Amino acid sequence: MDRKNKSLAGLTSYDLPMEQDAIKLSFANHVEYSVAKDEYSATGLDFYMAAALTTRDRLFDRWNKTQQNYYNKDQKRVYYLSLEFLIGRLLEDALLNLGMREQMAGAVDEFGLSLEDIIQTEWDAGLGNGGLGRLAACFLDSMATLGIAAMGYGIRYEYGIFKQVLQHGAQHEYADNWLRYGNPWEVARPQHLFPVHFRGRVETVIAPDGRTVARWVDTEDVMAMAYDIPVPGYRNERVNTLRLWSAKATREFDFSYFNQGDYVQALHDKTANENISRVLYPNDTLVQGKELRLQQEFFFVSATLQDALGRHLKTHPGLSNLPDKVVFQLNDTHPAIAVAELMRLLVDERGIAWETAWDITSRCCAYTNHTVLPEALEKWPVPLFERVLPRHLQIIYEINRRFLEDVSARYPGDNDRLRRLSLIEEGPEKQVRMAHLAIVGSFSVNGVSALHSQILRDRIFADFAELTPAKFNNKTNGITPRRWLLKANPGQSALITEHIGDGWVTNLPQLERLVPLAGNADFQARWQAVKLANKERLAGLVASGCGITVDPRSLFDVQVKRLHEYKRQLLNALHIVALYREYRENPPAHAVPRTFLFAGKAAPGYFMAKLIIRFINAVGAAVNSHPKVSPLLRVAFLPNYSVSLAERIMPAAEVSEQISTAGTEASGTGNMKLALNGAVTVGTLDGANVEIREAVGAENMFTFGYSYTEVEQVLARGYHPREFYESNPELRAILDSIAADEFSRGEPGLFRPLVDSLLGGDPFLVLGDFASYRDCQRRVGQAYADPAAWSRMSILNVAHMGRFSSDLTISAYANEIWNVSPRSGAEPDEDGGAAAKGRSAASSKGSRKGRKSA
């Protein structure tokens, strides 16, 4: 054994060569020896697997050394807990970050294969739904690129959100079995297996030292098994880890049922337990769905905390210094149960006194809020919580008691304040307020755009902000330029690099060097050529995926995001109806031809969102088939929106629709991705749109509608949508035509709920903003008619997007919340990684000897 260990320890790192010939040999070997095929039997999937394994081998070299480096330097660990990680395809991402894309392309070309075809074979990982999960993926990329000792933690969902299929314009959901053909990027870690408890009861016993101790007994247990995915930094030899938990039954089946011949029941418990990691976001409109959602959240949180504590105790004698070495970043409210679970692990499992345990917990947890919508600030019915997690309800009650005592001492007699701040919401059915738990148990609470953070402080959590103002801060979201420009838009990336160098890839503010080129006619012509090529590529995808022919020389107007009423895809659709009616009656002689492109999924149980999808497609069918209108307008809804589809759409977009009601979108990152690819924003002053406008200049963006302050004022006075219907003849004609079934001839009354909702309350002020939006779109058409002026706007949008790099966002988290030192990606240090701008105390201590498991 000693000889074996010495042999392993003596291996040099980065042994696998990166030259094309070596990659060619590795690829051929994997085809023959890993997937057991030859030139006659190998399929496209086999070639993808071989390419992935060839790349993975080179990642593993760096992965192992990175993890040992973190141990040896005793670096502070950042654990990023998220219920979603929308990581997309990983092959090309890894090739670019390792700096071996060209070599791989050359190697497979020698076998008569196309790397692009191989890349397209990969399925998107079904680990997320929308912006929350994609943000988490961008953050992982930046943490690795900056050399932060970080791990992402989530759930290894067997099925993704769902596969969206449009049939007769309506969304239908099918299982997204993304693991059907295996996942070459994951490594099973059966040695990292932790029990997660549910239900049962709590009893109190007297410990030998006289303390009263709670014991959680008669529990139903599920095992959490780790699967690791490597996360490479950009050309800095660093590879971090995304650890995903899969639910495993504590036993394969019940032999008592099996021996009685009841084979179905024998497997029932196994199947029920493993359902926890089966599907992303179960439908929680039913009690069973709510319970499963709560189980999912606790499942991955409990396993993560057990794993993190165990890792800490490998190199430290106890947990008293945990806040100096560990931070748990809670990505939205889903992991908020971490506060109660960490207390349970410290108090019940480790015998630490409550006061000490609370000090540790409240200095380890940090909370990011991502929403202002009440339904997204999770609340759990107390009876459900007590049934599933009885010990945690006790802990939450005790946290609440102590917290409210402190509040009462500061604000004596203010019972209304106590009610507002309480972790338990009173009412016909008591609710556990998970956002309140996260705030009370965290040392930092941040919003994700300047406006969003202001709303949290001033309205949503005003009492908490008054109580502990130092906790609250802003960290505006960002996106990784490696994925969303270098990878997604190689033509534009090459043009930029040719003129300003490639430093922008890890230092996005260098894009400012494009400003002097914005008015250069030659540069504009090449910029336009790249955009046209991207539009032609997307037009082919629209033709094959939707059966709709679009003109690449028309204006590509894009709204791609999750379907929700506050995002106001309906407002966009109403404008299209206005154009349709105008062009049908009197086609303008010099109108700018437009192609309106939509994509996004609606939650399966969200009736109105699904109806809006159907309405968009019905309007599209009318527009696309009308002989007078179709030469000027086209509408397409691309099904099954994903990261990979976004990578096709973003580079081709020219108008970015960011039209949510002011004060409803926390930040948005689609707005950043589209602007980074040269699209000009049409938007309200909502979320990060406000900061984008500050960055690019008001003259390079089209804004409309009520501001957040105006929305508040309108609602305070009383909003009456019917007044807009009565006073605007065009708007009245549009709504009347919808109500009269102009777009639903075969199904009378189909879209009546849309009209009734708008006239009956219009909670997101669609009618109030319609006239302003219509005028804004006229200005867009006028601007696009001047190609030179439009190109200048497009170039300046890209040039001023540097501040929205996720590298800068993560640097702010690192410096201002986590107290770790991000590293520059520019210079290699003695470990082959990136040189520190300023090393943390943890990373400058003497190294620890000996190899440690991740």
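Tutor: Start with a word we'll need: buried means under 20% relative accessible area, exposed means over 50%, and partly exposed lies in between, using a 1.4 Å probe and protein chains only. Helices (H or I, at least four residues) and strands (E, at least two) are DSSP runs, numbered from the N terminus. This is a predicted model: local features need pLDDT of at least 70, side-chain atom pairs count only at pLDDT 80 or more, and totals for chains, interfaces and linings use all residues. Residues are numbered from 1 along each chain as its sequence is written, and side-chain values use heavy atoms, with hydrogens and water left out.

Student: OK. How many residues of strand β9 are buried?

Tutor: In β9 (residues 239-249), 10 of 11 residues are buried, so the strand is mostly covered.

Student: Which strands pair with β9?

Tutor: Strand β2 (residues 150-155) runs parallel to β9, with 5 bridges. Strand β8 (residues 220-232) is antiparallel to β9, with 11 bridges. Two strands pair if DSSP finds at least two bridges between them. Gly-152 has Leu-242 of β9 as its bridge partner, and Val-231 faces Asn-240 of β9.

Student: What about the hairpin of β8 and β9?

Tutor: It has 6 residues between the strands, and Arg-235 there takes a positive phi near 50 degrees.

Student: New topic. What is the strand order in the open sheet of 6 strands?

Tutor: The order is β19-β18-β17-β20-β21-β22, and the pairing is parallel. β19 (633-638) and β22 (702-703) stand at the edges with a single partner strand each, so one side of each has no neighbour in the sheet.

Student: How many bridges join β17 to β20?

Tutor: There are 2 bridges between β17 (residues 555-560) and β20 (residues 655-658). Asp-557 stands opposite Val-655 in β20.

Student: Back to β22. Is Phe-702 buried or exposed?

Tutor: Phe-702, which is found in β22, counts as buried because its relative accessibility is 7%. Contact means heavy atoms within 4.5 Å. Beyond its neighbours within four places in sequence, Phe-702 has contacts that include Val-680, Val-682, Cys-776, Val-780, Trp-790 and Met-793.

Student: And the open sheet of 3 strands, what order?

Tutor: That one reads β12-β14-β13, with antiparallel pairing. β12 (379-381) and β13 (424-425) are the edge strands, each pairing on one side only. β13 and β14 (residues 431-433) share 2 bridges, and Ile-424 has Val-432 of β14 as its bridge partner.

Student: Now helices. At what angle do α23 and α30 cross?

Tutor: The axes of α23 (residues 569-585) and α30 (residues 729-739) come within 10 Å and cross at roughly 100 degrees. Axes are lines fitted to C-alpha atoms, for helices over the stretch in contact, and angles run from 0 to 180 degrees between N-to-C directions. α23 and α30 are therefore roughly perpendicular. Under 35 degrees counts as roughly parallel, over 145 as roughly antiparallel, 65 to 115 as roughly perpendicular, and the rest as oblique.

Student: Which residues make that contact?

Tutor: Among them are Leu-574, Val-577 and Arg-581 of α23, and Glu-730, Ile-734 and Ile-738 of α30.

Student: Which residues of α30 are buried?

Tutor: Leu-731, Ile-734, Leu-735, Ser-737 and Ile-738. They cover an arc of only 160 degrees around the axis, which puts them on the same side of α30. The arc is that of the directions from the helix axis to the C-beta atoms.

Student: What covers them?

Tutor: The cover includes α23, α24 (607-625), α29 (721-727), α31 (752-760) and α32 (766-784).
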